[in-house]
Amino acid sequence: MRAVFLLVRRELGAYLNTPWGWIILAFVLLIDGLLFNVFALGGREKYSAQVLSEFFYFSSGTTMIAGILLTMRLLAEERQTGTIVILETAPISEWGIVLGKFLGAWSFLALITLMTAYMPALIFVHGKVSPAQILTGYLGLLSLGAATVAIGTFASALSKNQLLAAVLGGGMLVLLLLGWMLGQLTEPPVSEIFSYSALWDRHFQPFKDGRINTEGLVYFGSITAGFLLLATRALQARRWR
């Protein structure tokens, strides 16, 4: 576990010491702030709970985009620059490499996500919401972020360069997001399968409305574990070529 911890610290340092991490951080805070002011706070009068729900609605989109952008460099950059050889010869298993990379990217994404907390806090200036609703929404965002980072990690493990990793990760993410649409176009029991596989519609929406969705937590946990396992297998396959 010490090797995994060192890898996590290395990844966090890479985000904090390079412009790319700060660009993504600024992008998320800027877009979330603009959307919050224009759509959540602006327009007609709304209940405070509705304003908070719309904030988490928009934040879920920036969280998924940031997750893909953060992970595009994880393993693809190592392969592109040739430093993957150092990792492959280090005393750490493929699972440890994947876990360390994942935790580093997810920790930075969690930091960005939690830095938006001042926006829900502004609701208390002219309204009132339950702190439990805010915490539930952030639990949903962090769970959604973990699943997205795992998907991006798998895409980066498959790719030879960062651009390909971003395109591949984004494509897999879109396919999972479209599950709700396919569920509406098909008949049971196939429609139920597509509906359950949808990354956002069925599993995240309860969180943004302040309801803890245990089914969603199981789903996000399964997606995260499944794609990390696939990333490990992909890394093992490349090592033994």
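Among contacts in the protein between residues at least 6 apart in sequence, what percentage join residues at least 24 apart? The share is 75%. The legends below describe a predicted model.

Figure 1. Read from the N terminus, the order of elements is α-α-α-α-α-α-α-α-α-α-α-α-α. The C-alpha trace spans about 60 × 45 × 30 Å along its principal axes. A compact globule of 241 residues would have a radius of gyration near 18 Å, and the 19 Å of the protein agrees with this. Of the 241 residues, 48% count as buried.

**Figure 2. Helix 1 covers residues 2-16.** Its 15 residues reach 21 Å from the first C-alpha to the last, close to the 21 Å expected at 1.5 Å a residue. Which residues of helix 1 are buried? They are V4, L7, V8, E11 and Y15. Seen down the axis of helix 1, these buried residues fall within an arc of 100°, so they line one face of the helix. The face turned away from the buried side carries R2, F5 and R9, which are exposed.

**Figure 3. T62 sits in helix 3, which runs over residues 48-71.** Is T62 buried or exposed? T62 has a relative accessible area of 4%; because buried means under 20%, T62 counts as buried. Apart from neighbours within four places in sequence, T62 is in contact with V28, I31 and D32.

**Figure 4. The largest nonpolar core holds 60 residues.** Within this core, L199, F204, F220 and F227 touch the most other members. Which helix gives the most to this core? Helix 8, residues 131-158, does, with twelve residues. In soluble globular proteins, nonpolar side chains tend to be buried together.

**Figure 5. F227 is one of the core residues that touch the most other members.** Which residues does F227 touch, not counting residues up to four places away in sequence? F227 touches A150, I151, F154, M172 and L176.

How values were computed
Residues are numbered from 1 along each chain as its sequence is written. This is a predicted model: local features need pLDDT of at least 70, side-chain atom pairs count only at pLDDT 80 or more; totals for chains, interfaces and linings use all residues. Side-chain values use heavy atoms; hydrogens and water are left out. Helices (H or I, at least four residues) and strands (E, at least two) are DSSP runs, numbered from the N terminus. The expected span of a helix is 1.5 Å times one less than its number of residues. Buried means under 20% relative accessible area, exposed over 50%, partly exposed in between (1.4 Å probe, protein chains only). The arc is that of the directions from the helix axis to the C-beta atoms. The radius of gyration is taken over C-alpha atoms; the globule rule is 2.2 Å times the number of residues to the power 0.38. Contact means heavy atoms within 4.5 Å. A nonpolar core is a set of buried Ala, Val, Leu, Ile, Met, Phe, Trp, Tyr and Cys residues joined through side-chain atoms within 4.5 Å.
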